[in-house]
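Let's take a walk through this model together, one piece at a time.

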Amino acid sequence: MQKFKLGASAAAIAMVASAAMAEVEITWWHAMGGALGDTVNQIAEDFNASQDDYKITPVFKGTYEETLTAGIAAFRAGEQPNILQVFDAGAATVIGAKGATVPVQDLLQDNGVEFNIEDYISGVRYFYADSDGKMIGMPFNSSSPIMYYNVDALEKAGVTPPKTWEEFQTVTAPALKEAGYIGLSQSHLPWIFTENFHSRHDLPFATNDNGYEGAEGTKILVNNDAMKAHFTAVKDWKDKGFFEWYGTGWSDNQTPFEEGKVAIWLGSSGSFGGLSKKDLPFEFSATFLPYWESVTKEPKQTFIGGAALFAMAGKSDEENKATAAFFEFLTKPETQYMWHRETGYVPITTAAYEMAKADGHYDRAPAAEVGIKQLSLPAGKHTKGYRMGFYVQIRDVMNREYGRILTGETSVEDAFNNIETEANALLERFAKTQN
Amino acid sequence: MKRAGFTARWLPILLLMPQLVIIAVFFYWPAAHAVQSSFFLQDPFGFGSTFVGLDNYKDLAGNGEYLSIAWFTVIFTVLVTFLSLSIALLLAVKADNVLRGAKTYRTLLMWVYAVAPPVAGFIGLIMFHQSWGPLTELARSIGWDFKLGVNFNDTATAMVIVSVWKQVPVNFIFFLSGLQSIPKSVREAALIDNRSASGRFWDVTFPLLAPTGFFLLITNITYSLFDTFGVIDTMVKGEPGNNPMTLVYKVYVDGFRGNDLGGSSAQSVVLMVLVLALTVFQFRLVERRIHYT
């Protein structure tokens with residue numbers, strides 16, 4: 001009897017295996033580690049279980065930079081995955097290389113999947129699009145920098161979360177210092193205090209429509225009075241004990257907030273899931289990124305950060321069909337809501353956002369809505385995104401110069417002159433690669 | 001005297017082939033490729049590439065940041081090489097005199113050799129952790145507000161300490177075996193001539209250790225220039241920012257993080273030339289003064 005059972009199950013396994021042979025298999029290289037990686041695997045499993053024709057295998061490739069480099073090397077060797085996750089700073093590289101990817105809009109339409117760019121929330125719609133507004137990469141983990149705060153600390157100091165930087169430096173920070181807290185820390189100077197500083201204040205970040213019109217002749221516009229005034233203020237806050245900087249690493253700046261030393265932390269809306277799961281010893285909440293009232297009276301939406309999924313070129317029609325099917329699954333409100341709920345990344349479609357609202361997600365966790373609300377603020381002339389080549393290196397230059405400002409090794413004026421010169425040299429070099 | 005020789009011409013060539021093929025495929029071919037890419041600016045995905053002549057090199061020479069990284073690399077290499085050699089020599093001389101428990105003592109000193117550079121870097125991160133690192137606290141107790149990853153000099157100090165700590169055991173093993181191969185008769189003769197221990201060391205032991213020392217000097221310079229990569233990468237957490245880095249790490253940052261293949265290749269070529277010059281210099285000038293038995 002036992003033997004018969006074994007034989008039967010072996011036969012069953014063999015049948016499953018042969019059924020699996022007929023499935024079209026596709027691979028997905030991503031940079032989501034830890035708890036995020038678990039959620040990615042969950043999405044892949046759900047997709048595989050939802051139908052019998054396709055099977056997707058997610059592979060974790062390290063950091064964003066490592067994933068992009070691995071994808072590029074694989075593409076050059078003809079071994080590219082079907083789907084590659086590319087982060088915001090790598091967008092110009094991958095979108096500039098026409099022929100490396102199949103625009104997601106074409107992929108979906110060619111495979112009979114309905115596509116309407118208006119279904120996507122306004123903040124994510126055009127970041128990974130070309131200059132004609134055609135969507136090239138499918139926004140996946142979309143986030144924006146928001147302001148987290150320690151509710152207990154602010155109550156103790158008798159202040160409310162600051163709306164403007166003026167309020168922060170005159171009211172909030174001194175009161176917090178009095179109450180024994182360091183007012184502020186942040187986790188990504190180029191992303192939060194540079195890129196999104198420009199979108200929040202609707203300042204042009206680069207010529208050629210923030211670089212969307214092509215690499216040729218694009219120049220960075222970071223060396224402006226508003227930016228210089230901001231960094232002068234930040235250095236001043238640091239000297240006064242209102243602000244602290246713990247190095248270039250992300251978590252080095254997040255940890256003091258979690259430990260309750262720092263009262264306000266600027267991080268990613270995608271950090272929400274992690275913070276909630278950490279069981280912090282205080283109550284925390286979040287709100288919009290502050291702005292300088294002296295620069296603008298009408299603050300605008302911020303850029304999306306995070307990454308998008310690109311369908312790599314050079315794959316068979318069958319596999320592309322599988323990729324399209326997966327993207328269709330991924331953009332379903334149910335999938336998006338699950339991803340949003342588990343991680344804190346914003347839902348990319350209006351339908352998913354409505355579903356989260358209807359489910360009462362934001363009644364339970366109001367802070368979870370801040371990212372998407374901020375991305376849905378009024379758009380300005382310069383808020384759809386930016387497109388600059390060799391941008392990873394440009395960010396490295398910014399990190400270096402900002403670090404030097406904050407450790408007193410250089411002046412704000414010199415630092416911004418350096419950033420401008422080096423970034424423009426890199427942009428010019430990138431333009432030469434695009435022939 | 002009869003000379004052994006090959007009767008067929010092809011046989012020695014055939015026997016050398018595996019080695020030659022390995023060298024050609026793994027060393028010359030990539031090196032040639034790097035030289036070629038250094039004259040182009042290339043789209044990362046390999047679609048477009050523009051011949052730019054010597055522009056990549058000119059950009060390097062005109063880049064103040066690159067020159068200061070080169071300068072840091074020189075200081076770092078000198079410090080790491082000097083400290084790892086001198087500390088290891090001191091330990092070896094002392095260990096050579098230990099009679100009781102000598103084996104345990106030596107084994108303990110060699111242990112760190114087994115630690116991989118990234119692991120060494122990680123241990124460094126823990127020891128110098130900003131809020132609770134034991135070495136950070138030690139520095140604070142003497143009034144040095146040590147900040148790893150924030151202050152350039154503090155990070156550089158930590159990198160040097162970790163790199164030296166990782167390299168001392170290797171040097172120790174070599175120095176110890178070098179010391180033990182000095183004939184007893186020579187030492188005893190010296191003991192009669194000179195009663196001062198330090199005098200004997202500088203006049204007799206040190207010159208006899210020179211071949212070992214020369215070999216270690218080359219390996220230590222190579223170590224400081226190239227093998228400290230793992231230590232640096234771990235200690236800056238992959239994000240150099242305003243932290244110090246060496247030329248090799250810069251090649252990685254621009255090539256593998258930034259996907260600037262042309263610029264990164266030019267930097268590799270500069271390094272190749274540097275190593276070549278260093279090797280020629282060492283063998284021409286230093287080797288002449290050293291006598292192997």
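**A sheet, its helices and what lies beyond**

In chain A of this predicted model, helix α12 (residues 250-258) lies across β6, β7 and β8, and runs at about 140° to β8(A). Another helix of chain A, α8 (residues 165-178), lies across β7 and β8, this time at about 115° to β7(A).

So what do these helices sit on? The strands belong to an open sheet of four in chain A, ordered β7-β8-β6-β9, with mixed pairing. At the edges you'll find β7 (182-186) and β9 (284-287) of chain A, each of which pairs on one side only. If you look along the sheet, neighbouring strands are turned against each other by 25° on average, ignoring direction. Inside the sheet, β6 (residues 145-150) and β8 (residues 262-268) of chain A run antiparallel and are joined by five bridges. To find your place there, pick out A:Tyr148, whose bridge partner in β8(A) is A:Trp265.

Stepping back a bit, chain A is divided into two domains: domain 1 covers 2-143 + 304-368, and domain 2 covers 145-302 + 389-433. Their centres, taken over C-alpha atoms, are separated by 30 Å. Where they meet, 21 residues of domain 1 of chain A are in contact with 20 residues of domain 2 of chain A. On the domain 1 side, α4 (91-96), β5, β10 and α15 (333-343) of chain A each supply at least two residues. Of these, α4(A) gives the most to that side, with three residues. By class, the domain 1 side that touches domain 2 of chain A has eight nonpolar, 11 polar and two charged residues.

One of those contributors deserves a visit of its own. How many of the eight residues of strand β10 (residues 305-312) of chain A are buried? Eight of the eight are, so β10(A) is largely enclosed by the rest of the structure. Strand β3 (residues 83-87) of chain A pairs with β10(A) in the antiparallel sense over five bridges, and here A:Phe87 stands opposite A:Ala307. Strand β5 (residues 138-143) of chain A also runs antiparallel to β10(A), again with five bridges, and A:Met138 stands opposite A:Leu309 in β10(A). Then there's strand β4 (residues 101-102) of chain A, which pairs antiparallel with β10(A) over two bridges; look for A:Val102, which has A:Ala311 as its bridge partner in β10(A).

Now over to a pair of helices. Helix α9 (residues 189-200) and helix α19 (residues 391-406) of chain A have axes that come within 10 Å and cross at roughly 95°. The two helices, α9(A) and α19(A), are therefore roughly perpendicular to each other. The residues that meet are A:Leu189, A:Pro190 and A:Thr194 from α9(A), and A:Arg395, A:Met398, A:Asn399 and A:Tyr402 from α19(A). Sorted by class, the residues of this contact come out as four nonpolar, two polar and one charged.

Helix α19(A) turns up again when we look at how the two chains meet. The contact takes 31 residues from chain A and 29 residues from chain B. On the chain A side, α3 (64-76), α19 and α20 (412-433) each supply at least two residues, and α19(A) has the largest share, seven residues. That side of chain A has eight nonpolar, 14 polar and nine charged residues.

Is A:Ile72 buried or exposed? With 25 other C-beta atoms within 10 Å, A:Ile72 is buried. Leaving aside its neighbours within four places in sequence, A:Ile72 is in contact with B:Pro44, B:Phe45 and B:Asn259. Back in its own chain, A:Ile72 is 22 residues from A:Val94 in sequence, and their C-alpha atoms are 8.9 Å apart in space.

That leaves chain B. Its secondary structure comes to 12 helices and two strands, running α-β-β-α-α-α-α-α-α-α-α-α-α-α from the N terminus on. The C-alpha trace of chain B spans about 75 × 75 × 30 Å along its principal axes. Of its 293 residues, 31% count as buried. Among contacts in chain B between residues at least 6 apart in sequence, 68% join residues at least 24 apart.

Terms used. Residues numbered from 1 in each chain as written. Chains lettered and ligands numbered in written order. Predicted model: local features only at pLDDT ≥ 70, side-chain atom pairs only at ≥ 80, totals over all residues. Axes fitted to C-alpha atoms, helices over the stretch in contact; angles between N-to-C directions. Parallel < 35°, antiparallel > 145°, perpendicular 65-115°, else oblique. Contact = placed C-beta atoms within 7 Å. Nonpolar A, V, L, I, M, F, W, Y, C, P; charged D, E, K, R; others polar. Buried ≥ 20, exposed ≤ 12 C-beta atoms within 10 Å, placed from the backbone. Pairing = 2+ DSSP bridges. Domains from an automatic or database assignment.
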